[in-house]
Amino acid sequence: MTAKMLLHWSPRSPFVRKVLIVAHECGVADRIETVRTVVAASEPNTELMKENPQSRLPTLRLKDGTVIYDSPVICEYFDTLNGGPKLFPAAWPERLVALRRQSLGDGMLDTMLMWRGEQLRAAETQSIKHMQAWKLKTNVSVDMLEEEADSLAAAPFSIGHIALGVALGYVDFRFPDLKWRKGHPKLAAWHETFEGRPSARANQAVDAP
Ligand SMILES: N[C@@H](CCC(=O)N[C@@H](CS)C(=O)NCC(=O)O)C(=O)O
């Protein structure tokens, strides 16, 4: 048994940002100790693999030594410790909508992380076709979110809001040239309210060691 939960962490990881925002919203942030852990898709971290064979962040070790991953599992675990309004609705169809939104936000991040990884490769080994596909998926996701921005803004705050807010924040962080706000005024207005929450402000992604 340890005094705190231990979170394998990176300051630039959007999935880590997602779980830390959830921890803040659930009132458990002060029960977590973070440990800087370096991961890369092309270089598995063999130490981390002893706890998570997929070598991914976030990975969380509970006080009793149990290890859990990935971000949806960690977020739902934090929500079980949450004394306030739940981020994972219990009732259908609210739960279905929140989980779908979480999947879209997480899927956007998966797409953008692959895109970013490709951009960092030497130009002659990059797949232009894949990068075009990832750009299209990101743009169409933003278009569709503009369509549901009213219902997003009206719904009780949930894991879906956090996943989507973090995904749009990651577009700003790594793909500012997309200028995603253009033509998406409702989504932009909603995202501003998301980034204004204390939980989001306290957990900004940064390029730091
Ligand atoms: N589905 C996972 C995705 C996590 C993920 O892709 N994390 C990135 C960092 S943001 C990572 O660990 N990349 C290293 C790798 O893929 O080997 C989750 O929701 O936690």
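Visitor: In which loop is S55 found?

Guide: S55 is found in the loop between helix 2 and strand 3. Helices here are DSSP runs (H or I, at least four residues), as are strands (E, at least two), and both are numbered from the N terminus. The model is predicted, so local features need pLDDT of at least 70 and side-chain atom pairs pLDDT 80 or more, while totals for chains, interfaces and linings use all residues. Residues are numbered from 1 along each chain as its sequence is written, and side-chain values use heavy atoms, with hydrogens and water left out.

Visitor: What makes the phi of S55 worth a remark?

Guide: Phi of S55 is near 55 degrees, which is positive in a residue other than glycine.

Visitor: Why is helix 4 called roughly antiparallel to helix 5?

Guide: The axes of helix 4 (residues 94–119) and helix 5 (residues 128–147) cross at roughly 150 degrees and come within 9 Å. Axes are lines fitted to C-alpha atoms, for helices over the stretch in contact, with angles from 0 to 180 degrees between N-to-C directions. Angles over 145 count as roughly antiparallel, under 35 as roughly parallel, 65 to 115 as roughly perpendicular and the rest as oblique. The crossing angle therefore makes helix 4 roughly antiparallel to helix 5.

Visitor: What is the handedness of the crossing where helix 4 passes helix 5?

Guide: It is left-handed, a term for a near helix turned anticlockwise from the far one by less than a right angle (clockwise would be right-handed).

Visitor: Which residues of helix 4 meet helix 5?

Guide: Among them are L104, M108, W115 and Q119 of helix 4, which face residues of helix 5 including M131, W134 and L145. Contact here means heavy atoms within 4.5 Å. Ala, Val, Leu, Ile, Met, Phe, Trp, Tyr, Cys and Pro count as nonpolar, Asp, Glu, Lys and Arg as charged, and the others, Gly among them, as polar.

Visitor: Why are helix 4 and helix 7 called roughly parallel?

Guide: Their axes cross at roughly 20 degrees and come within 7 Å, helix 7 being residues 159–174. That angle puts helix 4 and helix 7 in the roughly parallel class. Their crossing is left-handed. G105 and L109 are among the residues of helix 4 that meet helix 7, where A163 and A167 are among the partners. The contact divides into 14 nonpolar, 3 polar and 4 charged residues.

Visitor: How do you know that Q126 has a polar contact with Q119?

Guide: A polar atom of the Q126 side chain lies 3.1 Å from the backbone oxygen of Q119. A polar contact is a pair of N or O atoms within 3.5 Å; within protein, one must be able to donate a hydrogen and the other to accept it, and residues adjacent in sequence count only if both atoms are side-chain atoms. Q126 itself sits in the loop between helix 4 and helix 5.

Visitor: Which residues are closest to the ligand?

Guide: They are S13, R56, L57, D70 and S71, out of 14 that surround it, where near means a heavy atom within 4 Å. A polar side-chain atom of R56 is 3.2 Å from a ligand oxygen. A backbone N or O atom of L57 is 2.7 Å from a ligand nitrogen, and a side-chain N or O atom of D70 is 3.0 Å from a ligand nitrogen.

Visitor: What kind of peptide bond joins Y69 and D70?

Guide: A cis one, with omega about -5 degrees. The bond from L57 to P58 is cis too, with omega near 0 degrees.
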